[in-house]
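Have the sequence and the structure open as you read.

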Amino acid sequence: MAGNEAVLEFAVEDVGRNTLSSFMVPDHAAKFGWNTVNRYATSSFEISIPRGALYEDVFFNYSADNVKNAFYPVIHYVHDSITPLHRQASVTVKADMIPVGLRDKTMIVKLGGNGMKTSRGGTWNGDFITAGINEFGVYTLDVDTVPPVLRPVNISLEKI
Amino acid sequence: MSNLHSIRFTLDDKLSGVASYNGYIDNQWVLFEYDPKNKLLFYTFDKERLQGGKMHELEVYAEDMTENKTMYHSTFIW
């Protein structure tokens, strides 16, 4: 049985031999190879990406902003949200300003475009907290001191 | 005995997420199941284990990933 077929012809223009390494590397970036273990670190942030987690070589971008009146006054911009990760990367953040009494309730969270926060959890080692991330994006810390909300749907006092 | 076949709650945690939940009827652990997609916590009445036509005491406990706890207590006739 013959299948349907469509043919589209187009021309491709060679604009030279530009490769990833020949483009300008932005400030605060590192070149990450898809087939190597990659690590980028500052004094307050570190990311470790296992071999094979990237689909292609990338110039990794990182920046941080200070935020006033926040529980944790730093927002970490970790590369971009459109570069996929095939495996989990590890992110470590310095959080020495978090009171010791709140550290058990503190976690790394991903900030969504709609302001939604997604917890990535976190394990403390001294003044640093580490969590696994499945995607690049915007990260910060937050504290959860609010208990879960449990509401009865079909039961009221002494009657079902 | 009521015609209802289950006790249902909504259970939600805004940040760290639900870590555990336990339910007790008359101080005996009973099987509560959690549907996280619909945030629904429910217990299906077991006629083999729960005597009908009498007052029962219900306790439900829930905890999130950062060990914040909540509980619900009530009595009911089933």
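## Salt bridges in chain A

Let's start with A:Arg39 and A:Glu46, whose side chains meet in a salt bridge at 3.1 Å, N to O; the term means a side-chain nitrogen of Lys or Arg within 4 Å of a carboxyl oxygen of Asp or Glu. A:Arg39 counts as exposed at 55% relative accessibility, while A:Glu46 is partly exposed at 27%. Here buried means under 20% relative accessible area, exposed over 50%, and partly exposed in between (1.4 Å probe, protein chains only).

A:Arg103 also forms a salt bridge, with A:Asp127, and their closest N and O atoms are 3.1 Å apart. A:Arg103 lies in the loop between strands S6 (84-94) and S7, and A:Asp127 in the loop between strands S9 (123-125) and S10 (128-135), so the pair ties together parts of chain A that are 24 residues apart in sequence. Strands (E, at least two residues) and helices (H or I, at least four) are DSSP runs, numbered from the N terminus. A:Arg103 counts as buried at 12% relative accessibility, and A:Asp127 as partly exposed at 33%.

## About the model

This is a predicted model, in which local features need pLDDT of at least 70 and side-chain atom pairs count only at pLDDT 80 or more, while totals for chains, interfaces and linings use all residues. Residues are numbered from 1 along each chain as its sequence is written, chains are lettered from A and ligands numbered from 1 in the order in which they are written, and side-chain values use heavy atoms, leaving out hydrogens and water.

## A buried lysine

Where does A:Lys110 sit? Its place is in strand S7 (residues 106-111) of chain A. A:Lys110 is buried yet has no salt bridge, and the nearest side chain of opposite charge, A:Glu135, is 4.1 Å away. Lys and Arg count as positive and Asp and Glu as negative, with His and the chain ends not counted.

Leaving aside neighbours within four places in sequence, the contacts of A:Lys110 (heavy atoms within 4.5 Å) include A:Met116, A:Glu135 and A:Tyr139.

## The chain and its partner

Chain A has 0 helices and 12 strands, and 33% of its 160 residues count as buried.

With chain B, 25 residues of chain A contact 31 residues of chain B. The two chains bury about 2300 Å² between them, 61% of it on carbon and sulfur atoms; buried area is the accessible area (1.4 Å probe) that two parts lose on being put together, summed over both. The count of salt bridges between chain A and chain B is 0.
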